[in-house]
Amino acid sequence: MPESHKAERARARKANLAAGIGDKDGRIPARVKAEAKMSLCTVCQFPMKITKTNTELKQHAENKHGKTLAVCFPDAEKVAEELLAALKGGKGKGGAAQQGKSKAQKKKDAVDGLDDLLSAGLSVGKKKKGGKK
């Protein structure tokens, strides 16, 4: 009988541990997510996760305490900027050739590429009308 996906992953982790690859559980580091950045509210000491936009933190500060984000979570803005910087510098769609181009320029390039393909595949002369005889 074929091996289940769970058993296959366990076998791979065991092989990784034997080879000394990965962390203490045998997981490959590229697949391990970074821990979420947490911050405590200075008013009520409630722990909350810091995200790119901090919408939950802003809602908490305004609705629970009637204060601003800077009062309740003083380090949240700095950490959010670091998260955004890591995303911009990290991997993304398009590769090196697409970076720095606007959305309109990328779309124009795609259309031009399709036009070249279509024009290469079309014949120049008129097509003969084929009818039933």
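Leaving aside its neighbours within four places in sequence, which residues is Asp25 in contact with? They are Arg13 and Leu17, where contact means heavy atoms within 4.5 Å.

## The model as a whole

This is a predicted model, in which local features need pLDDT of at least 70, side-chain atom pairs count only at pLDDT 80 or more, and totals for chains, interfaces and linings use all residues. Residues are numbered from 1 along each chain as its sequence is written, and side-chain values use heavy atoms, with hydrogens and water left out.

Six helices and two strands make up the secondary structure of the protein; helices (H or I, at least four residues) and strands (E, at least two) are DSSP runs, numbered from the N terminus. Read from the N terminus, the order is α-β-β-α-α-α-α-α. Of the 133 residues in the protein, 12% are buried. Here buried means under 20% relative accessible area, exposed over 50%, and partly exposed in between, with a 1.4 Å probe and protein chains only. The accessible surface of the protein is about 11600 Å², and carbon and sulfur atoms hold 57% of that surface. These areas come from the Shrake-Rupley method with a 1.4 Å probe; for residues, only the protein chains shown count as cover. Among contacts between residues at least 6 apart in sequence, 32% join residues at least 24 apart.

| Residue | Relative accessible area | Class |
|---|---|---|
| Asn16 | 16% | buried |
| Asp25 | 35% | partly exposed |
| Gln45 | 48% | partly exposed |
| Asn54 | 1% | buried |

Let us start with helix α1 (residues 5–19), where Asn16 lies. Not counting residues up to four places away in sequence, Asn16 touches Ile21, Gly26 and Ile28. Asp25 sits in the loop between α1 and β1.

Gln45 belongs to the loop between β1 (38–40) and β2. Its phi is near 60°, a positive value in a residue other than glycine. Gln45 and Cys72 are 27 residues apart in sequence, yet their C-alpha atoms are 9.2 Å apart in space.

Asn54, in the loop between β2 (47–49) and α2 (55–65), has a positive phi of about 60° although it is not a glycine. A polar atom of the Asn54 side chain lies 3.5 Å from the backbone oxygen of Ala76. Beyond its neighbours within four places in sequence, Asn54 is in contact with Leu69, Ala76, Glu77 and Ala80.

## The largest pocket

The largest pocket holds about 370 Å³ of space. On a 1 Å grid over the protein atoms alone, a pocket is an open set of points where a 1.4 Å probe fits, with protein on both sides within 12 Å along at least five of seven lines, and lining residues have an atom within 4 Å of a point. Among the residues lining the largest pocket are Lys33, Glu35, Lys49, Thr51, Leu83, Ala86 and Leu87. Helix α4 (residues 76–89) gives the most to this lining, with three residues. By class, the lining has six nonpolar, one polar and five charged residues; Ala, Val, Leu, Ile, Met, Phe, Trp, Tyr, Cys and Pro count as nonpolar, Asp, Glu, Lys and Arg as charged, and the others, Gly among them, as polar.

Note on methods: A polar contact is a pair of N or O atoms within 3.5 Å; within protein, one must be able to donate a hydrogen and the other to accept it, and residues adjacent in sequence count only if both atoms are side-chain atoms. Grid points are joined across faces, edges and corners, and a volume is the space filled by probe spheres set on the points.
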